[in-house]
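Keep the sequence at hand.

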There are 2 protein chains.
Amino acid sequence: MSLHPDRLAVAQMGPNNRADSRAQIVERHIALMEEAASAGAGFVLFPELSLTTFFPRWLIEDEAELDSFYEAEMPNDGVATLFSRGRELGIGFSFGYAELAEEAGARHRYNTSILVDGQGRIAGKYRKVHLPGHSEPQPRTFQHLEKRYFEPGNLGFPTFPSMGRTFGICICNDRRWPETHRSLRLNGADTIIVGYNTPTDHTGHASVDALSLFHNQLSLQAAAYQNSVWVLGAAKCGVEDGSFMLGQSMIVAPSGEIVAQARSVADEVIVATCPVAETVPYRETIFSFEKHRRPECYGAITAPR
Amino acid sequence: MSLHPDRLAVAQMGPNNRADSRAQIVERHIALMEEAASAGAGFVLFPELSLTTFFPRWLIEDEAELDSFYEAEMPNDGVATLFSRGRELGIGFSFGYAELAEEAGARHRYNTSILVDGQGRIAGKYRKVHLPGHSEPQPRTFQHLEKRYFEPGNLGFPTFPSMGRTFGICICNDRRWPETHRSLRLNGADTIIVGYNTPTDHTGHASVDALSLFHNQLSLQAAAYQNSVWVLGAAKCGVEDGSFMLGQSMIVAPSGEIVAQARSVADEVIVATCPVAETVPYRETIFSFEKHRRPECYGAITAPR
């Protein structure tokens, strides 16, 4: 059986509880990867922070304890079997992780995602630009301390030609901001991949939180249609260390139509055939950027705050 | 009975056939305005090019014939009764028209929309930025010659404090471009009003055109959610001079939820209560632009083509 480059998979993941070992979590990745490959997929997307629990829900003041959630190298021994199994199967993949980077002699923390091709080579890397939440603990059951534990990404919105298409990567809250997807499209993406961990109490306004599923769907469908791109969304979901996170992983066509959607809040693979050619009717007509965009009118969007 | 400033109406219009007189068309506006006022609405939105047929569907080579579709002054005698009835009722309104402007001694043509307050005063004006279609006739039943008959708007994306809220205006194809709504929001809008004429054969790709209703809805819902604004959409629709245009006029809350939607492709008024305060939970949390936007990363969006 050979893998098809146009056949793409999303590996939704149920919870990574804090008590789970790295080996257990990586084994789940491998099982999902094998399922994707057995369905003929040439690529599989895992969620944001797919190697750990969503630790920004806690205030962690001990630096060594905090470091334990980060990867100082990638790949590393803890994920070696994932890389080697991908290479054996010839399947590309992408996953998110907390990155501890040494830059200009200083330590930096990022919320990062990498793209790996079917030969196990890292083909791209993105660091989350739109960090949600807060930097100081709030009076709430679960914190959302991404602004405390990560710096905003410093790689811009790069895109990566690989596996017969051009990938753009974004992460979780990035998907709600049209600037993300527009930048990726303008930089060449035909396929945007986004992993997320979305607790359903994330704003603290019940009227807003009640619409979490609708907003996830609207954001991904709008991203696809407004930019004539394929969009793959992969959730880490279910009750993770007591916090409920939404599932609803999906694959969205350039038309904005959902072509595959997860039905559980557990480990689950969804697959669709996603030809880049389906972007063309939109790019040639209503969304011909050359003919219709008016960048000289958009100055407010890049004006400093 | 007094009109409520938070109660807003959309007056969807059925076809304006070429044979219809200006007086007939304005009478229909007035009947719709009266219905909106009787429902307590303090404002009513009419469609794009609400005074004429959607003439860009034809190649018109005679300059005088073409001029007959344009307004050289606004207000003018042909719409005086609409302005005076609005003033009597104390209802604000907005409508679109083809504008023939004299600027620096030259004639210019724009696809324009104005905002009129409850005292009959013009409170704002917008000229369509994103002109769709083509400038040369194509081998198709109905043309879409907006690029021939109009210049791109030269007023940017202004907003207008009036009637207790801040209006942003856009027109038809503008609604598909996230830059439009983002610019209006950044310029202060809490309420975006958009009129449209959307023929259901507009791209010539059956697979795209078949989704016209879905794309209209997705564009308006995304605009509202992504920018925490109220969105009012008003269609001119039904079979106009042989061409079918979609209806689906709607009012969308800042949550992205549709709170009122037209059910016909004829003259029809829909009304909803639209408190500006409903924008706040979004603007204070997930879409706090001050906390979360990263304009320094968005350079691709304003880069010259």
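Helices (DSSP H or I, at least four residues) and strands (DSSP E, at least two) are runs numbered from the N terminus. Just after H3(A), Gly90(A) takes a positive phi of about 75°. This is a predicted model: local features need pLDDT of at least 70, side-chain atom pairs count only at pLDDT 80 or more, and totals for chains, interfaces and linings use all residues. Residues are numbered from 1 along each chain as its sequence is written, chains are lettered from A and ligands numbered from 1 in the order in which they are written, and side-chain values use heavy atoms, with hydrogens and water left out.

Stay with H3(A), residues 80-89. Leu82(A), Phe83(A) and Gly86(A) are buried there. Buried means under 20% relative accessible area, exposed over 50%, and partly exposed in between (1.4 Å probe, protein chains only). These three cover an arc of only 95° around the axis, so they sit on the same side of H3(A). The arc is taken from the directions from the helix axis to the C-beta atoms. The buried residues of H3(A) pack against helix H1 (22-38) and strands S4 (92-103), S5 (106-116) and S6 (122-127) of chain A. Contact here means heavy atoms within 4.5 Å.

Now move to chain B. Thr191(B) lies in strand S9 (residues 191-197). Is Thr191(B) buried or exposed? Thr191(B) counts as buried because its relative accessibility is 0%. Beyond four places away in sequence, its contacts include Leu8(B), Phe167(B) and Trp230(B). Its side chain also makes a polar contact with the side chain of Asp190(B), at 2.8 Å. A polar contact is a pair of N or O atoms within 3.5 Å; within protein, one must be able to donate a hydrogen and the other to accept it, and residues adjacent in sequence count only if both atoms are side-chain atoms.

Finally, the interface. On chain A, 56 residues are in contact with 56 residues of chain B. The buried area is about 5,200 Å², with carbon and sulfur atoms giving 64%. That area is the accessible area (1.4 Å probe) that two parts lose on being put together, summed over both. In chain A, Trp177(A), Ile301(A) and Arg305(A) lose the most area to chain B, together 13% of what that side buries. The rule finds 4 salt bridges across the interface. A salt bridge is a side-chain nitrogen of Lys or Arg within 4 Å of a carboxyl oxygen of Asp or Glu. Glu179(B) and Arg182(A) meet in a salt bridge at 2.6 Å, N to O.
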